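User: I am new to this structure. Please take me through some of its terms and what stands behind them.

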Amino acid sequence: MAKASSQELGNKSIGKLLIQQAVPASIGILVMSLNILIDTIFVGNWIGPTAIAAINVVLPVSFFIAALGMSIGVGGSSIISRALGADNEKKALKTFGNQITLTIFITILFVIFGLIYINDLIPAFGGKGDIFEPAKIYYRIVLYGVPVLALCMMGNTVIRAEGKPKFAMYAMMFPSVGNLILDYLFINVFDWGMTGAAWATTGSYIMCFIFILWFFLSKNSELKINVKHFGLDLPIVKEIGSLGFVTLSRQAIVSVTYLLMNNILFDLGGETSVTAYAIVGRMLMFALFPVYGITQGFLPIAGFNYGAYKYDRVKQTIYTAIKYAALLAGIVFIFLMVFPETITSVFTQDAQVLKETPPAMRWVFAATPIIAVQLIGAAYFQAVGKAIPALLLTLTRQGFFFIPLILILPNFYGEMGVWMSFPIADVMATIVTAYFLHREVKLNLKPKTTE
């Protein structure tokens with residue numbers, strides 16, 4: 001039987017629930033984003049601007065493998081939320097055990113593959129010229145810790161599915177703080193350069209894993225699994241795969257985007273343009289943390305109430321989440337339009353980077369106020385277990401619009417065409433998502449009884 005903490009998802013005020021779920025998620029994302037942001041600042045000031053570009057080259061590879069864990073986590077957590085809503089603890093436990101087995105097996109295979117083809121992958125993702133050697137150093141060490149990161153990403157989504165957002169927040173905070181301390185020691189004190197930056201990152205993954213392992217072994221977790229839950233159950237694996245494929249596809253498209261962006265920008269402007277994109281990319285992770293927090297908080301509430309057939313509460317959750325996320329996105333938009341020069345100067349004092357990054361940042365964030373509909377709309381379909389529309393809407397922005405735009409517009413507008421592609425893709429994807437979300441609410445979220 002589902003415990004009281006998860007049952008609150010079906011009874012408590014939607015506004016209060018969303019704040020209760022979103023604030024810890026936002027803080028966790030903020031701390032994690034600050035970690036990446038400050039890590040980039042440390043690297044840029046203590047090693048050099050080329051090191052920023054080197055890390056940016058490695059990120060899509062390591063993030064993709066980590067996203068395997070995230071995709072298994074999100075796919076399984078959707079099942080767990082709905083199972084708890086339907087009072088089916090047996091299915092929730094079996095799902096969690098299968099998530100662990102899948103995460104360990106798949107990520108280790110990808111790490112082996114990534115290490116074998118290291119000299120081909122780095123140049124393919126834009127690690128050329130002076131960027132190659134520091135990127136290779138960072139890549140090799142960070143890749144060793146990626147399976148641990150994948151388990152952390154998977155475990156974090158399950159913690160949130162249980163209705164324990166504060167513990168999910170702590171899981172993101174511990175490694176972030178640890179990474180900053182290790183960065184200072186390894187880079188500034190011991191002078192290990194890129195090697196120090198890489199070991200600081202890998203060490204932070206281990207810290208996160210230790211905390212998450214403690215959580216599931218403690219009395220705080222409802223999911224007390226045993227050996228029998230680790231055996232793969234084909235229907236559950238298929239459901240995890242179909243829903244998790246949405247998240248994995250999103251990250252795969254992100255990785256392809258990094259590959260294309262790094263190569264296109266290197267050809268158009270060399271290391272300076274790649275560094276500018278790295279800085280803007282960090283702001284994409286950092287500045288939108290409250291919006292992503294709302295999205296993360298939305299998922300378990302929508303999933304639980306959908307599983308409990310409380311469709312009025314699902315609709316209320318959708319509208320409230322969009323309202324909150326849009327307000328926060330508007331505040332972020334104003335901040336980034338006013339202070340891009342100041343933000344850039346925090347990362348580096350390189351004159352060329354300082355000149356190129358601010359206008360790029362303004363273009364990239366130009367459509368930020370409307371992205372709430374896009375994010376919440378895609379998240380809804382994933383939360384309620386509708387894999388195909390979730391997949392299509394997830395791929396809409398980057399796969400269907402952004403990638404074609406960055407391949408076409410630079411032929412007419414040069415490097416400016418790359419930056420212009422961001423807001424155009426956002427607007428087009430938001431229109432498409434709004435249409436399908438409105439249609440879903442109108443047709444499929446009608447009141448239903450559990451007779």
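User: Which residues lie nearest the centre of the second largest cavity, and how many line it?

Analyst: Ser77, Ser78, Thr157, Leu299 and Pro300 lie nearest the centre, among 13 lining residues. Lining residues have an atom within 4 Å of a cavity point. The model is predicted: local features need pLDDT of at least 70, and side-chain atom pairs count only at pLDDT 80 or more, while totals for chains, interfaces and linings use all residues. Residues are numbered from 1 along each chain as its sequence is written, and side-chain values use heavy atoms, without hydrogens and water.

User: Which elements give two or more residues to that lining?

Analyst: Helices H3 (49-85), H6 (132-161), H10 (289-307) and H14 do. Helices are DSSP runs of H or I, at least four residues, numbered from the N terminus.

User: What makes a space a cavity?

Analyst: On a 1 Å grid over the protein atoms alone, a 1.4 Å probe fits at its points but cannot get out. By this rule there are 2 cavities of 30 Å³ or more.

User: Why is H14 called oblique to H17?

Analyst: H14 (residues 371-383) and H17 (residues 415-444) pack at about 45 degrees, with axes 8 Å apart. Angles under 35 degrees count as roughly parallel, over 145 as roughly antiparallel, 65 to 115 as roughly perpendicular and the rest as oblique. So H14 is oblique to H17.

How values were computed. Axes are lines fitted to C-alpha atoms, for helices over the stretch in contact, and angles run from 0 to 180 degrees between N-to-C directions. On a 1 Å grid over the protein atoms alone, a cavity is a set of points where a 1.4 Å probe fits but cannot get out, and a pocket is an open set with protein on both sides within 12 Å along at least five of seven lines; lining residues have an atom within 4 Å of a point. Grid points are joined across faces, edges and corners, and a volume is the space filled by probe spheres set on the points.
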